[in-house]
Amino acid sequence: MHIDQALLERLAKLSMLEIQEPQLQEHLEEILVFMDALNSLDLDNTPPLAQPPTALRADTPHPQPSIAPDILSHAPNTQEGFFIVPKILG
């Protein structure tokens with residue numbers, strides 16, 4: 001696929017970007033050549049890659065009742081364990 005000026009202008013319009021880089025057309029063509037090379041690879045006998053599952057730590061709660069009061073002590077306005085903030089909607 002060849003990227004001409006008309007296609008570049010169309011891409012700029014669709015993406016709502018102002019394209020000012022003069023070498024962008026060349027860069028996009030290089031990317032397309034690379035993609036064509038990847039598409040031409042014969043992968044019929046290649047097994048899919050499988051990644052081993054990531055070892056996760058146990059999700060166990062660690063209650064720390066002192067955290068909430070400590071955090072709330074830094075707020076400018078609290079009431080009954082909640083932050084009080086200005087109303088911003090309707």
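Helices, as assigned here, are DSSP runs of H or I with at least four residues, and strands are runs of E with at least two. In the predicted model, the secondary structure of the protein amounts to 3 helices and 2 strands. Read from the N terminus, these elements follow the order α-α-α-β-β. The radius of gyration of the protein is 28 Å, whereas the globule rule gives 12 Å for 90 residues; the former is well over the latter, so the protein is more spread out than a compact globule. The C-alpha trace has spans of about 65 × 45 × 25 Å along its principal axes.

Accessibility was computed for the chain as a whole. Of the 90 residues in the protein, 7% are buried, where buried denotes a relative accessible area under 20%.

Helix α1 spans residues 5-15 and helix α2 spans residues 24-39. Their axes come within 11 Å and cross at roughly 95°. Helix α1 is therefore roughly perpendicular to α2, since angles of 65 to 115 degrees are placed in that class. The contact involves Gln5, Leu8 and Leu11 on the α1 side, and Leu24, Gln25 and Leu28 on the α2 side. By residue class, the contact of α1 with α2 comprises 4 nonpolar and 2 polar residues, with no charged residues.

Definitions and conventions. Residues numbered from 1 in each chain as written. Predicted model: local features only at pLDDT ≥ 70, side-chain atom pairs only at ≥ 80, totals over all residues. Heavy atoms only, no water. Axes fitted to C-alpha atoms, helices over the stretch in contact; angles between N-to-C directions. Parallel < 35°, antiparallel > 145°, perpendicular 65-115°, else oblique. Contact = heavy atoms within 4.5 Å. Nonpolar A, V, L, I, M, F, W, Y, C, P; charged D, E, K, R; others polar. Rg over C-alpha atoms; globule rule 2.2 N^0.38 Å. Buried < 20%, exposed > 50% of the residue type's maximum accessible area, 1.4 Å probe, protein only.
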